[in-house]
Amino acid sequence: MTTILQPPQAELDHEPPQRQTGGPGGNFRNLAPAGGDLRAIADRSGEPTRTGIWVGLAAIAMTFAALTSALYVREGSGYADWTHIELPQILWFNTLALILGSITLERARHRVAAFMRNEEHDRSVPMFWLNATMALGLVFVVGQYLAWLRLRSEGLYLPTNPNSSFFYVLTGVHVIHVLGGLGGLSRAMFKFRSATHPLRRSTMDATSYYWHFMGVLWVYLMFILWLKL
Amino acid sequence: MSDHVAVHAAPTSFIRKYVFSLDHKIIGLQYYGLALVAVVTGMVLSWIMRVHLVWPNAPIPGLGFLSKTGAPGGVVTPEYYLQLMTMHGTLMVFFVLTNAPFAAFGNYFLPIQIGAEDMAFPRFNMMSFWTTFVAFCVLIAAFFVGDGPPLSGWTGYAPLSAVGGDAGPGQAVGQSLWGISIFIFCIASLLGSLNFIATTLDLRTKGMTLSRMPIVTWAWFITSCISLLAFAVLMPACLLLVLDRIAGTSFFIPAGLNVGDHIQPHQGGSPLLWQHLFWFFGHPEVYIAILPAIGIVSHILICNMRRNMLSHKVLIYCMMAIGFLSYMVWGHHMFLSGMNPFSALVFSFPTLMITIPATIMTLIWLGSLYGSNLRINSASLFCLGFISMFVSGGVSGFFLAQPSIDIYLHATYFVVGHFHMVMGVAAIMGVFAGTYFWFPKMTGRMMNETLGRWHFFLTLIGTYAIFMPFHYLGLAGNVRRYSAFQDDFLVPLIPVHKFITYAALFTGAAQLIFIFNLIYSRFKGAPATANPWECTSLEWSTPSSPPPFDNFGGQHPVVYHDPYQYGVKSSTGDYVMQTSPERVGETL
């Protein structure tokens with residue numbers, strides 16, 4: 001019974017490399033030579049950075065899902081010490097800062113893409129928007145710290161009651177991830193200005209997806225904090 | 001081919017080549033070495049435990065130096081027994097079973113099997129190994145601090161693990177080190193899983209569609225998907241545990257708890273919450289331990305049977321089903337936790353469902369082996385041993401899955417026997433099989449076949465001798481995590497324990513054959529040909545053994561076949577390499 005070989009799905013524009021006889025072990029001469037013209041075989045593989053960021057965001061989402069379920073279980077633990085804390089007003093301002101940061105980052109991303117397509121030749125416009133995003137991110141982080149100080153001034157520390165515990169844990173874990181995002185953003189900005197380590201589109205996209213995710217996550221956390229705490 | 005891969009230049013300095021290496025092959029070997037150190041440490045701990053159980057007053061040489069309070073004069077105290085047991089479990093589950101079949105072999109061979117030059121993120125890869133190493137150091141440090149390592153078990157149940165030093169020796173600093181170590185391990189695992197997923201999806205070479213990936217590549221990919229979501233839950237759990245311990249929060253500690261004559265200054269927490277969070281991670285974790293071994297064994301068996309499985313696609317679907325269902329069964333560890341009995345039904349049902357894909361896989365293996373003229377070598381023998389242990393150990397799972405039976409068997413040696421046979425033996429047999437199979441590719445030399453066969457038979461007999469009696473002990477009511485058997489119903493079981501201890505020491509000694517074989521063959525083993533097993537997958541088409549720095553010597557392989565073209569007439573014999581454009585001839 002003869003089995004017919006199934007060729008690769010895309011069109012080859014030349015003969016497959018000649019099979020070279022070798023030892024019974026099969027040998028590396030089966031490989032396509034480095035100079036072989038294989039451009040016609042469609043390379044449908046994605047960018048690892050793009051895949052990687054979605055995978056990473058899935059893990060972060062799972063972490064916050066675990067913390068959310070911990071919150072629900074703790075609320076219903078039966079000891080009835082679940083109370084209510086007033087969310088510091090500055091949180092709303094911080095939320096605005098983060099959302100604005102997403103907007104400025106999108107502007108930056110488009111300007112960077114235009115720069116890479118040679119439609120723009122001036123680095124300063126994208127840099128302005130990148131700097132604006134960085135500034136807004138720092139405003140958010142400082143604002144979160146001020147929110148913590150506000151709670152402390154009301155006598156609400158990490159162990160005071162379960163509501164304050166979850167407030168600090170949720171906002172703390174989120175702000176650690178935001179700091180990571182700021183680190184990624186500064187790395188992207190460094191590369192954008194660098195001649196030796198140029199910025200890739202995928203890196204810029206990954207940085208911005210991460211940032212937007214932090215914004216969406218924060219909106220979700222604000223909702224949970226408002227609803228539950 | 002992806003020129004967007006972060007291809008790195010070949011390193012020149014010793015540090016860059018062998019220590020802080022970006023090369024996935026070196027990182028894989030580093031993981032293997034770490035797993036080897038961890039497994040030897042874990043085994044020694046188990047020998048101390050076994051000896052203590054049967055000869056409670058016998059001094060263990062050297063132990064008195066390690067812990068003056070835990071083992072005065074070398075005699076293990078009951079608390080120290082639990083401390084040793086906790087470290088045994090933690091080391092084995094995290095640093096051996098998650099590292100060796102998945103991180104070690106996966107890092108080494110996944111990029112090669114898909115035709116890539118390296119992982120998608122080589123620097124993340126290096127970071128993930130060294131982060132694991134730091135986690136290991138933090139954990140081992142627990143032996144040497146204060147009153148020693150924690151005693152709350154590898155499961156670290158709250159409130160015992162959360163209240164601090166009042167709960168016993170090792171519960172002050174030791175438990176905190178445990179929590180921090182596992183937290184760090186989670187970060188390392190997440191980085192590693194991210195790498196595996198991105199690499200598998202994006203760095204496959206031309207012609208390597210997903211359906212042309214070998215089973216073992218699929219196994220690593222599915223494992224990394226499970227691992228990503230599971231460790232992301234354990235991380236916040238460990239964070240909350242450490243906060244309860246050092247920051248005075250009450251996530252897991254209820255009110256009015258009197259521990260060590262102190263009323264604990266906490267209230268309102270839920271010990272059950274820890275169990276939920278932990279086992280939501282913990283059950284997928286055991287499938288993280290077994291799935292790579294399933295993939296390795298299937299891959300090696302196909303090569304040695306010289307024909308494909310009855311359906312290797314169904315094997316892959318079964319692995320996916322197991323991965324998916326593994327997230328729905330965590331409550332079967334909590335049948336006796338005081339949860340609503342109806343929830344026991346809800347968890348029991350998917351637990352029994354998960355036996356279906358496992359059974360299908362077993363039937364496919366057995367059906368494929370039947371009449372296959374399997375080539376017998378150390379690797380294929382360990383594959384057969386894997387199947388044997390997987391069935392023997394898995395069958396007890398059917399019983400434990402039913403709450404009515406589990407009421408009796410929970411926390412007995414029956415459970416201990418179950419998980420040791422599937423994880424502690426079957427998964428390790430998968431690692432042994434992989435070692436014997438891939439050693440020629442990693443080192444260019446063959447392992448000694450005679451020693452390999454002795455290793456196999458002694459291990460198979462030894463592990464059955466150790467763990468089969470556990471089921472009998474469990475049914476007789478022998479409670480687990482006891483350091484001494486003094487109750488009326490336990491004393492008659494001591495002769496069984498004596499037999500098990502002798503078997504454990506014997507089997508442990510038999511592993512010296514493997515260690516010797518590894519080291520001896522590395523330097524003096526018979527030189528291996530390029531493809532000694534006549535296997536078709538891409539790792540056997542590298543230009544040298546070990547493979548060159550970028551795996552394929554500056555070239556990019558092109559794949560023309562699915563991975564299991566065996567039993568066909570070709571110029572190379574009865575198989576066709578994946579990279580061979582040869583048209584396949586008549587089937588033999």
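**Close-up views of a predicted model**

**View 1. Helix H3 of chain A and its cover.** The buried residues of H3(A) are covered by elements that include helix H2 (90-116) and helix H4 (162-193) of chain A. Covering rests on contact, meaning C-beta atoms, placed from the backbone, within 7 Å. Helices (H or I, at least four residues) and strands (E, at least two) are DSSP runs, numbered from the N terminus. This is a predicted model: local features need pLDDT of at least 70, side-chain atom pairs count only at pLDDT 80 or more, and totals for chains, interfaces and linings use all residues. Residues are numbered from 1 along each chain as its sequence is written, while chains are lettered from A and ligands numbered from 1 in the order in which they are written. Among the buried residues of H3(A) are A:Leu130, A:Phe140, A:Trp148 and A:Leu151. Buried means 20 or more other C-beta atoms within 10 Å of a residue's own; exposed means 12 or fewer, and partly exposed lies in between. The 30 residues of H3(A) (124-153) should span 44 Å at 1.5 Å a residue, and the end C-alpha atoms, 42 Å apart, agree with that. The expected span is 1.5 Å times one less than the number of residues. A:Gly155 follows H3(A), with a positive phi near 85°.

**View 2. B:Phe386 in the largest nonpolar core.** This core holds 230 residues; B:Ala237, B:Phe386, B:Ala426 and B:Ala433 touch the most other members. Its largest share, 23 residues, comes from helix H8 (residues 215-246) of chain B. A nonpolar core is a set of buried Ala, Val, Leu, Ile, Met, Phe, Trp, Tyr and Cys residues joined through C-beta atoms within 7 Å. Leaving out residues up to four places away in sequence, B:Phe386 touches B:Ala293, B:Val297, B:Ala426, B:Met429, B:Gly430 and B:Ala433.

**View 3. B:Ser396 in helix H12.** B:Ser396 is found in H12 (residues 378-400) of chain B. It counts as buried because it has 21 C-beta neighbours inside 10 Å. Not counting residues up to four places away in sequence, B:Ser396 touches B:Phe414, B:Gly417, B:His418 and B:His471. The C-alpha atom of B:Ser396 is 34 Å from that of B:Ser176, 220 residues apart along the chain.

**View 4. The S3-S4 hairpin of chain B.** Strands S3 (566-570) and S4 (573-575) of chain B pair in the antiparallel sense over 2 bridges. Pairing requires at least two bridges found by DSSP. A hairpin of 2 residues joins S3(B) to S4(B). B:Ser570 has B:Gly573 in S4(B) as its bridge partner.

Note on methods
Two residues are in contact if their C-beta atoms, placed from the backbone, lie within 7 Å.
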